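Trainee: I would like to learn how to read an aromatic pair and its surroundings in a model. Please take me through one case.

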Amino acid sequence: MLYFRTFLSVLQLVSLTNSAVFHTNPDKEVSVKRDGSLLAPFKTVSSCVGALNNPGDECQIHQGTYREEITVSGLHGTQENPIVIRGFADERPTLDGTVDITPVGGNWSKDGDIYFGKINHTIWQLFF
């Protein structure tokens, strides 16, 4: 019976060590490949979320403004080891779905009251 309890304790410890904490920080300058570590955080939340693979994994989002489309799917945590996406410590990241639209070449053309120009964005919402 002692052998079985020891085995379960080791198994629980192994399951805890499989989890990882990833970071994202768009403002941190790094000179190495961004691997999601605290020293080389991902630049986008999507990259951080994409690194989540195991129960207990975390994506910690540092302060900054994130303008991106984020898809979270196919993640499977457990009640004991949920997958967590949260702000880092007391920092407050801003998830902003808007983007500045600037025409190719930098200047809008105008015809009467209508402005137009070629853009390099896919527009799925437009606010006036």
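Trainee: Is Phe42 buried or exposed?

Mentor: Burial is read from relative accessible area: under 20% is buried, over 50% exposed, and in between partly exposed, with a 1.4 Å probe and protein chains only. Phe42 has a relative accessible area of 13%, so this residue is buried. Phe22 counts as buried too, at 15% relative accessibility. This is a predicted model, in which local features need pLDDT of at least 70 and side-chain atom pairs count only at pLDDT 80 or more, while totals for chains, interfaces and linings use all residues. Residues are numbered from 1 along each chain as its sequence is written, and side-chain values use heavy atoms, leaving out hydrogens and water.

Trainee: How many aromatic pairs does a search of the whole structure find?

Mentor: A pair of aromatic rings is described by the distance of the centres and the angle of the planes. Rings of Phe, Tyr and Trp (its six-membered ring) pair if their centres lie within 6.5 Å; planes under 30 degrees apart are stacked, over 60 edge-to-face, and the rest tilted. The search finds one pair. The ring centres of Phe22 and Phe42 are 6.3 Å apart and the planes are at 35 degrees, so this pair is tilted.

Trainee: Which parts does the pair tie together?

Mentor: Helices (H or I, at least four residues) and strands (E, at least two) are DSSP runs, numbered from the N terminus. Phe22 lies in strand β1 (residues 21-24) and Phe42 in the loop between β1 and α2 (45-50), so the parts tied together are 20 residues apart in sequence.

Trainee: Which residues make up the largest nonpolar core?

Mentor: A nonpolar core is a set of buried Ala, Val, Leu, Ile, Met, Phe, Trp, Tyr and Cys residues joined through side-chain atoms within 4.5 Å. Here the largest one has eleven residues, among them Phe22, Phe42, Cys48 and Cys59. α2 and β2 are the elements that give two or more residues to it, and α2 has the largest share, three residues.

Trainee: How many bridges join β1 to β2?

Mentor: Two strands pair if DSSP finds at least two bridges between them. Four bridges join β1 to β2 (residues 58-61), and the two run parallel. In this pairing, His23 stands opposite Gln60 of β2. Gln60 is buried, at 12% relative accessibility. Beyond its neighbours within four places in sequence, Gln60 is in contact (heavy atoms within 4.5 Å) with residues including Phe22, His23 and Cys48.
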